[in-house]
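Please look through the sequence and the model below before reading on. The paragraphs that follow go from the overall fold to single residues.

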Amino acid sequence: MKYYLTTAIDYPNGSPHLGHAYEKLLADFLSRYKKQQGNSVRYQTGTDEHGIKIYQTAKKSGLTPKQFVNKNSKEFKDFYKLLNIEYDYFIRTSDKKTHWIGVTKIWKELIKSGDLFKKKYCAKYCVGCETFKTESELENNECPLHFGKKLEIIEEENYFFKLSKYRKRLIKLIDSDKYHIQPKHAKNEILSFLKGEVKDISFSRIKSKLPWGIPVPGDKDQVIYVWADALSNYLTGIGYGTNTRNFKKYWPADVHLIGKDISRFHAVYWPAMLLSAKLSIPKKLLVHGFINDDKGRKMSKSLGNVIIPQKQVKKYGASSLRYYLLRAIPSNQDGNYSEEDLIVRHNTELANSLGNLLSRSLNLIQKSCGEIPFGKFDSKLSKEYSKVLISLNKHVENFDFHHGIADIWAFISKVNQYVDDTKPWKLSGKEKDNVLYTLAESLRLISGLIYPVIPSKAEEIAKQLGLKSVPKFKSKSIKSGTKIKRGAHLFNKYEK
Ligand code: MSP
């Protein structure tokens with residue numbers, strides 16, 4: 001089955017931070033998980049390269065906007081590679097050959113539906129959020145997400161989109177889960193927003209103030225507002241306006257995964273645009289929380305509590321950082337980042353539980369004859385594995401990834417317990433062969449289970465077992481007679 005999964009596209013106006021990394025990692029987990037089930041997945045991410053913020057930062061750094069985004073977008077790509085994030089397509093909104101064509105097309109569709117009109121207005125604008133703010137959204141006349149950043153007063157004539165026209169249809173779609181918003185609290189928040197007054201929204205900017213953007217078709221004085229431009233990436237990245245066959249293959253998206261600060265854009269503005277353009281609605285919107293510091297405070301330069309993910313990868317390696325973020329931070333709520341907790345989990349759950357299981361099992365097999373013996377897989381563990389697959393799937397579908405990962409590690413503990421209980425070093429003959437075979441088969445299954453979480457370690461386990469690749473969730477058991485290739489320990493422990 002096709003599975004089209006997207007993340008938000010990041011503003012490349014600085015280096016990628018922990019929040020960016022976390023989101024791409026959640027999507028990478030989901031993408032690899034769906035691949036393990038045998039789906040044909042397309043995972044799309046990218047960079048959102050227009051807008052006032054990018055334009056101003058580029059100017060300050062003495063580069064043209066294009067030079068600036070070229071440099072920074074590469075930094076995002078390089079960093080995601082370092083974290084072993086395997087997307088299938090990286091979209092850049094400054095790409096004129098694909099993205100611009102598709103955005104122009106959707107604009108024309110909105111015009112055809114009679115949903116864009118020109119209006120004069122004056123309002124407060126937060127450059128940090130790239131969005132207008134109403135008085136009720138401000139605290140002490142400042143944007144609560146960007147304290148200390150001056151709000152701009154924008155007075156101009158722009159194109160507006162008739163959002164209000166779609167209010168009732170959106171309520172129906174969301175309430176009935178046809179557009180399924182998870183977690184529930186995010187869905188409720190959106191429904192209560194839609195039950196209040198919904199205003200039409202500005203969809204363009206004056207070109208003389210913001211020359212860095214996609215021109216409004218047929219109006220040389222206006223550029224398309226950064227959000228209308230950015231949201232369309234989900235269509236243009238699969239060929240809307242340029243490759244109809246590919247577009248038809250993947251649309252509608254199965255999942256948009258985004259952070260809570262941009263849920264309104266994705267839960268309200270985006271489906272309204274799609275309804276107006278007579279396109280189908282995505283199936284699911286997953287809204288993740290924010291990562292705060294170990295005391296639950298927002299990370300900020302002024303507090304000096306910013307965790308730099310690039311440094312964490314250097315210190316602990318991509319696998320430990322991936323494991324920690326996916327296992328310790330709840331996917332559907334805010335979470336705290338604690339380096340101390342990362343070290344504890346690395347030592348106990350990765351080095352002890354998983355690493356030792358591999359080395360002790362392969363030691364036993366090596367001592368026996370160096371290849372997988374003829375034996376039978378323990379029926380209790382086989383049932384446990386089936387149970388894990390069911391509960392893991394339930395948690396993934398509920399957007400509770402962290403609980404699903406806890407289930408995988410509970411299975412690893414059960415296999416460790418099996419070694420302790422059966423004491424294979426005391427056994428011989430058929431009995432011993434059965435236990436060693438069970439260990440090899442369990443490790444093969446574990447390699448498949450952990451692949452979405454720590455793919456390079458899953459590959460290492462498969463290699464040491466003498467397998468060509470990481471097995472899918474449902475695949476043939478390990479062949480007796482396979483020669484194992486014992487290698488280095490999976491993890492070294494850290495001192496606290
Ligand atoms: N460019 C827009 C998104 C357009 S999508 C059509 C944008 N970019 S962003 O760079 O500011 O944020 C990218 C993603 O990172 C968003 O989903 C945002 O919620 C997420 N995060 C930013 N800071 C975060 C944390 N501290 N923690 C977790 N995720 C956060 O918004």
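The protein chain, shown here as a predicted model, has 17 helices and 15 strands. Its C-alpha atoms fill a box of roughly 85 × 45 × 40 Å along the principal axes. For 496 residues, a compact globule would have a radius of gyration near 23 Å, and the 25 Å of the protein chain agrees with that. Of the 496 residues, 57% count as buried.

Charged side chains come next. A search of the whole structure finds 32 salt bridges. One of them joins Lys 24 and Glu 23, with the closest N and O atoms 2.9 Å apart. Is this pair buried or exposed? Lys 24 is buried, because its relative accessible area is 0%, and Glu 23, at 6%, is buried too.

Another salt bridge is formed by Glu 397 and Lys 34, whose closest N and O atoms are 2.8 Å apart. Glu 397 lies in helix α14 (residues 379-397) and Lys 34 in helix α1 (residues 18-36), so this pair ties together parts that are 363 residues apart in sequence. The two partners can also be described by their accessibility: Glu 397 is partly exposed, with a relative accessible area of 31%, whereas Lys 34 is buried, with 8%.

The salt bridge between Glu 109 and Lys 112 has its closest N and O atoms 3.5 Å apart. Both residues belong to helix α4 (residues 96-112), and because they are three residues apart there, about one helical turn separates them. Glu 109 is buried at 18% relative accessible area, while Lys 112 is exposed at 67%.

Salt bridges can also link several residues. Asp 28, Arg 32, Lys 35, Glu 86, Asp 88 and Arg 322 are linked in a network of this kind.

Other lysines form a positive surface patch, made up of Lys 463, Lys 468, Lys 476, Lys 479 and Lys 485. Within this group, Lys 468 sits in the segment after α17 (455-464). Why does Lys 468 count as exposed? Its relative accessibility is 88%, and exposed means over 50%.

The backbone has some features to point out as well. Pro 183 is placed in the loop between β7 (180-182) and α6 (184-195). The peptide bond from Trp 251 to Pro 252 is also cis, with omega near 5°. Here the proline, Pro 252, is found in the loop between α9 (244-250) and β12 (255-259).

Positive phi values are a further backbone feature. Glu 130, a residue other than glycine, has a phi near 55°. Glu 130 lies in the loop between β4 (116-126) and β5 (131-133), and with 0% relative accessibility Glu 130 counts as buried. Asn 141 is not a glycine either, yet its phi is positive, at about 65°. The place of Asn 141 is in the loop between β5 and β6 (152-161). Asn 141 is partly exposed, with a relative accessible area of 48%.

Methods:
Residues numbered from 1 in each chain as written. Predicted model: local features only at pLDDT ≥ 70, side-chain atom pairs only at ≥ 80, totals over all residues. Heavy atoms only, no water. Patch = residues over 30% accessible without salt bridge, like charges linked within 9 Å, V, L, I, M, F, W, Y side chains within 5 Å. Areas by Shrake-Rupley, 256 points an atom, 1.4 Å probe, with all protein chains shown as cover. Salt bridge = Lys/Arg side-chain N within 4 Å of Asp/Glu carboxyl O. Lys, Arg positive; Asp, Glu negative; His and termini not counted. Charge placed at Lys NZ, Arg CZ, Asp CG, Glu CD. Helix = DSSP H or I, 4+ residues; strand = E, 2+ residues; numbered from the N terminus. Buried < 20%, exposed > 50% of the residue type's maximum accessible area, 1.4 Å probe, protein only. Rg over C-alpha atoms; globule rule 2.2 N^0.38 Å.
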